Amino acid sequence: MTLQELIHKLHEFWMDRDCVIQQPYDLEVGAGTMHPETFLRALGPDPYRVAYVQPSRRPGDGRYGKNPNRLYKHHQMQVILKPAPSDVQEVYLESLRSLDILLEGHDLRFEEDNWESPTLGAWGVGWQVLLDGLEITQFTYFQQVGGQDLMPICVEITYGLERIAGFVSGTDSIFELEWSPGRTYGEIRQREEFEFSKYSFEVADSDALFKMFEIYETECGRALEAGCVRPAFDYCLKCSHTFNLIESRGAISVTQRVEMIGRVRNLAVVIAERYVSQYE
Amino acid sequence: MSEFLLEIGSEEIPALMIQPALSQLKEGLLELFEDNGVGIDALILNQYSSPRRMTVAVSGLPEAQPERQEIILGPPKAVAMDDVGKPTRATFGFAKKNNVHPDDLEIFNTTKGSYVGCRVKHAERPFSEVLQEGLDAVIAGISWPKSMYWRRSRFRFIRPIRWLVAIWDGEILEYELEGIKAGRETRGHRFLGQSVLPIECLQEYKSVLRDHFVLVDEEERREKIRREIEAETPAGLEVIEDEALLGMTCYLNEFPTVLQGRFNEKFLDLPGEILVTVMRHHQKYFATQDSSGKIQNFFLTVLNTDDRFLDDIRCGHERVLKARLEDAAFFWENDRKQKLEGRVAELARVTFQKKLGSYSEKTERIRAICNQISGEATLDQAARLCKADLTTETVFEISELQGVMGGLCARSEGYPAEVWKAIYEHYFPITVDNVVPSTLNGAILSIADRIDTIAGCFSIGIRPTSSSDPFALRRQAQGIIKILLEKKLDLSIETLIEMGFKQFEIRADTTVDEVKDFLIRRIRYMLANDRGIDYDVINAVLGIKIITVSDLVRRAEALQNIRQENDFSSLAEADKRIRNILEGRDLDQSTSVDPSLFETQAEKELWDYFSILAPEIEGLLDQSEYEKSLSLMARLSGRLDQFFVDAMVLIDNDNLRNNRLAILVKLARMFRRVADISRVVRFKD
C-alpha cells in the first residue's frame, strides 16, 4: 500500500463516520494539535468531528535525510471526536483493519502515555498504541486546552503516517516508502529534509529569530485587542515555530527556554479564554 | 450464604496502577460489609485483574441484613437545648428531618461530648440492597495518581469505565454507574476472544475468560511469563533478571506470550549498559547475557496475544529494536567525538536549579566537599567530570544512563578505574534497594553530590512534604545513610552537613538543624524498618552524640540484643533513677570518689565491683565491643539496686552526699558511652 493510498483509506474511513475532512493548516506547526480545527474546536460546547492530515515540523528532529527513522517534517493524521464516543477504541481499531492490518495476527497494546503540551497549556490522558512494539498512534482524552477545563471531553487520535506506512509495507527506511506507485518518499522529500535540517542547525540567524519572535508576540497581542482571535492564534503558532528553530540552533539556555515556553503559553491561554468567551 | 461478583471494565488501565487500585476496591468493599454488620473473617474473597478490568468475587455473604437500629446524632446538647432545657429550633429541625417526634429524642454521650440524637429502626432487607446503596462510594473512593473525567457528571476515574458486571447469587444486581447498567456480560481478549461474553456465576468467571484469552489471575499470568522466558532463552544464555519489568509486563497483557527475537551482532560493540537500557526502557524487552555477563544479541519480549503468528510479530519487534539501536549507536559515536573535559565548560549553560545555579557551579561545590573528605587526586578528577555527561545526546534521550554514560566515556578516554568507576557509580544507590557504589571514590562522590542537593534545597526553602518532593530529597538522604553505613565511612553526619552548607552563602543555623533532623529521621526509619530495632532503643542510641552511622547501628543492635535480659532491664531502670537524681545538678565530672566516706556495705560493694569491672569495660568500649561491655555493665545491676535500697543519696551531709553523687556520675558516664540506656523501656512479659 502506498502512502497516498493509506491516507486516502483513512480519509474514507473517517468520512464514513461523519467527520469533516479538513485540509492541513497553512502555517508551520509541530503537531496536528496546533491546527485551529483541534486547538479551538476542542474549546467550547459545540460537538464536532474532524479528520485531516497535518505535516508537522520538528526542527530538532531533523537528520539531514540520513537517518532512516527520523524526520524534520513528518505527517500526522489527526482525528478529533467531540464528544468522545463510548466505542472510540473499537472504532479506532476498525480503522486499522481498514488498512488491511490483521489485528489477530499482531501484538497490539494500549500503553499509558499522557500527552502534555506546555506551549499550548494543554494536557490529556491516554495511551500510545504499540503495534508489534512500534508506536503508531497517540490516543488522548483532552482535559485542558489553553488552560481551560473542557466540557464536553473530546478524544484525539493521532496516527503517525510514516510509521504506519512503514509497518504495512515492511520497509526499513522511511525513504524507501512508496509515496505513489513507482515514486519513493525519498525521491519526493529527501532533498527537502537535507535543506531544512541544514537551515535549522547551521544557517538560521538566531538574532533575527529572536526579533521575529518578539514581533510575532506583539502582533498577536494587537490582533487580540482588536478581537481577532483566529489571526492572533496564527501569530501564537508562528511564535511556537520560531522558538523551535531557536532551540534547534542551540541558541538558548535552559532558563531562557522555560521563559520563552511560558510566553507562548501565555498567548495560548489568552486566546483560549477569548475564544471561549464568544460562547458566553 | 450468598455470593457476589463485581467486575469494573475499563479502557486500558496503566500497568502499575492496577494492583494498588484493586486493593483499594477490595478494602472499600470489606469496609462496606463491615459497616453493615458482616463479620469479614468468614468471607472468601478473590481478586482478579487484567489491563481492562478489576474484579472482586466474594462468597460467604449473608442473604439478608437483619432488622437493626441505627443511632443518628444531631446537634450538640449545648445547641439543642436552651438555658432552661427546652428544645431549640435546631432540635425540631433535626427531629423533622429524621421523621421522629421531638419527645422521642435522646441524649447520647460520646467521646466528643453529648449530643441529641434518635434511634431509627431499619427493617430486615436483602443484603444486595447494601451493595446497591454502597457501591458508588466504594468505586468513587479509589484514588488514582492522575485521573480524568469524560462525562458531564465529572465523575473521575483512571480511564472511562465501559462495562460493569455485577452478579448476586447468579442474578444480575440492579445497579448503574455513570450511565452504564451492570449486567452479566464481560469481554474477552480484544482480538482473540468474544467481545460479549456472558458469565453465569462467580465459579466460572476465571475459566470462561481463560477460554477467551484473558488470564484474570495475576499469578497465572506471572507464571506463564516466567515459564516461557525460561523456555525461550537460548541454551547457554541467561536472561537478566528484572522483577520490576516482569511485574509490569504482567499487567500490560491480557494473554501474555513470550517471544524470542534477536538483533544484528554489530550492535554488540555498544556498551552493555546502553543495550540493556534501550531494550528495557524503550521497548520493555528482557536482555540476555552469557555466563561471563556479556550481553548477547537475543532479547525476549512479552506479547499481548497467543503464539499463532509469531514470525510476523517477531519481524516487527526486531525492526523497531534495530531502529532504536541505530539511534543509540549514532548517539554513542557522536557523543564520544567530544571529550568530557570539553563538556565541563558547557555545564555553565545547564541549570541545576534557578537559585542554586548551573551544573558548573554544582560541580565546583561537589569538588570542594570531596576535597574536605579525601585528598585523593583521582577523586577530584572524577568530581570535576561527573556531571559532564548531562550534555550528551545519549543522556538526553535516555536519562536513566546519567552517570553510567559519563563513566563509560571516561573509560574509553583512558581515565584510570579510580576515576571512571567513581563517575559511573555516583548516582548509586538509585533506589533504596539498589547497590551502593563499589569504590570508595564513588561512595564519597555520591555522598557529596547528595548533601549538596539537600543543603542547597533546604537553604532556599525547598523541603520535602508528604505530597511533593521534586528533588527526591528523601531518597537522596536515604542514599547517604545507606552509603555511610555499608561503606563504614568514618564521617559524622554533623561534619557532612557542615561541609554541605559551607558551599552556600545563604545559611541559617535553623536550616542546619533542620537538615540534621531530616537526616536523623531517615536514620530512625532505616533502623526501624531495615534492622528491626525497637523505638525506645533507637531513642537511647540517638540520645547521645552520633559518631558515625555504622557505629550507631552497632550500638543499636547490641542494645537490641541485650534488652530482654533481666540484669539489663534492672540496669536500665536504675539508670532512670540516676538520671532523675543527677538532672539539673551542675556536678563536677572529675570529682573522685573517696572510699573512706562510705557508711554502708552497699556503697562499698558497688564501688569495689565497679572499680574491678571499669577497666575491662572501658577497654571493650575502646574497641567498640558494645554488646560485651553492656553485659558487663549489667552485672552491676544487683549491687546498684542494693545501693538505692541502703544508701540515701540526697542527704543533708554535704560530704556524704557529694561522694555518693560522684559514684553515680561515674556510672552514668560509663553507660552513656554506649547509649542513654535510661530510655530503654522495661519489657513486659
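The C-alpha centres of domain 1 of chain A and domain 2 of chain A lie 24 Å apart. The structure is a predicted model, in which local features need pLDDT of at least 70 and side-chain atom pairs count only at pLDDT 80 or more, whereas totals for chains, interfaces and linings use all residues. Residues are numbered from 1 along each chain as its sequence is written, and chains are lettered from A and ligands numbered from 1 in the order in which they are written.

In chain A, domain 1 covers residues 3–200 and domain 2 covers residues 205–277; domain bounds come from an automatic or database domain assignment. Between these two domains, 22 residues of domain 1 of chain A are in contact with 22 residues of domain 2 of chain A, contact being assigned when the C-beta atoms of two residues, placed from the backbone, lie within 7 Å. The side of domain 1 of chain A that touches domain 2 of chain A is made up of 10 nonpolar, 9 polar and 3 charged residues. In this division, Ala, Val, Leu, Ile, Met, Phe, Trp, Tyr, Cys and Pro count as nonpolar, Asp, Glu, Lys and Arg as charged, and the others, Gly among them, as polar.

Chain B is assigned five domains: domain 1 (2–65 + 126–211), domain 2 (68–122), domain 3 (218–335), domain 4 (375–532) and domain 5 (559–679). The centres of domain 2 of chain B and domain 5 of chain B, taken over C-alpha atoms, are separated by 62 Å.

The two chains meet through 29 residues of chain B in contact with 29 residues of chain A. On the side of chain B that touches chain A, at least two residues each are supplied by β9 (148–149), β20 (295–304) and α9 (310–335) of chain B. Helices (H or I, at least four residues) and strands (E, at least two) are DSSP runs, numbered from the N terminus. The largest share of this side, 7 residues, comes from α9(B). By residue class, the side of chain B that touches chain A holds 13 nonpolar, 7 polar and 9 charged residues.

In helix α4 (residues 161–169) of chain A, the buried residues are L161(A), E162(A), I164(A), A165(A), G166(A) and F167(A). A residue is termed buried if 20 or more other C-beta atoms lie within 10 Å of its own, exposed if 12 or fewer, and partly exposed in between, with C-beta atoms placed from the backbone. The cover over the buried residues of α4(A) includes α1 (3–15), β3 (73–82), β6 (122–131), β7 (134–145) and β9 (155–160) of chain A, together with α9 of chain B. After α4(A) comes G170(A), with a positive phi near 70°.

Chain B contains an open sheet of 3 strands in the order β5-β7-β6, with antiparallel pairing; two strands pair if DSSP finds at least two bridges between them. The edge strands, each pairing on one side only, are β5 (68–76) and β6 (106–110) of chain B. From one strand to the next, the twist averages 45°. Antiparallel pairing of β6(B) with strand β7 (residues 113–122) of chain B extends over 5 bridges, and E106(B) stands opposite G117(B) in β7(B). Helix α3 (residues 89–97) of chain B packs on the sheet, touching β5 and β7 of chain B, and its direction makes about 155° with that of β5(B). Axes are lines fitted to C-alpha atoms, for helices over the stretch in contact, and angles run from 0 to 180 degrees between N-to-C directions.

Most residues other than glycine have a negative phi, and most peptide bonds are trans. The peptide bond from M151(A) to P152(A) is cis, with omega near 0°, and P152(A) is placed in the loop between β8 (148–149) and β9 of chain A. A cis bond also leads from F428(B) to P429(B), with omega near -10°; P429(B) belongs to the loop between α15 (417–425) and α16 of chain B.

R154(B), although not a glycine, has a positive phi of about 60°. This residue lies in the loop between β9 and β10 (156–157) of chain B and is exposed, because 10 other C-beta atoms lie within 10 Å. A472(B), likewise not a glycine, has a positive phi of about 50° and occupies the loop between α16 and α17 of chain B. With 14 other C-beta atoms within 10 Å, A472(B) is partly exposed. R463(B) lies in the loop between α16 (440–459) and α17 (473–486) of chain B and counts as partly exposed, because 16 C-beta neighbours are found inside 10 Å. R463(B) and F518(B) are 55 residues apart in sequence and 9.6 Å apart in space, C-alpha to C-alpha.
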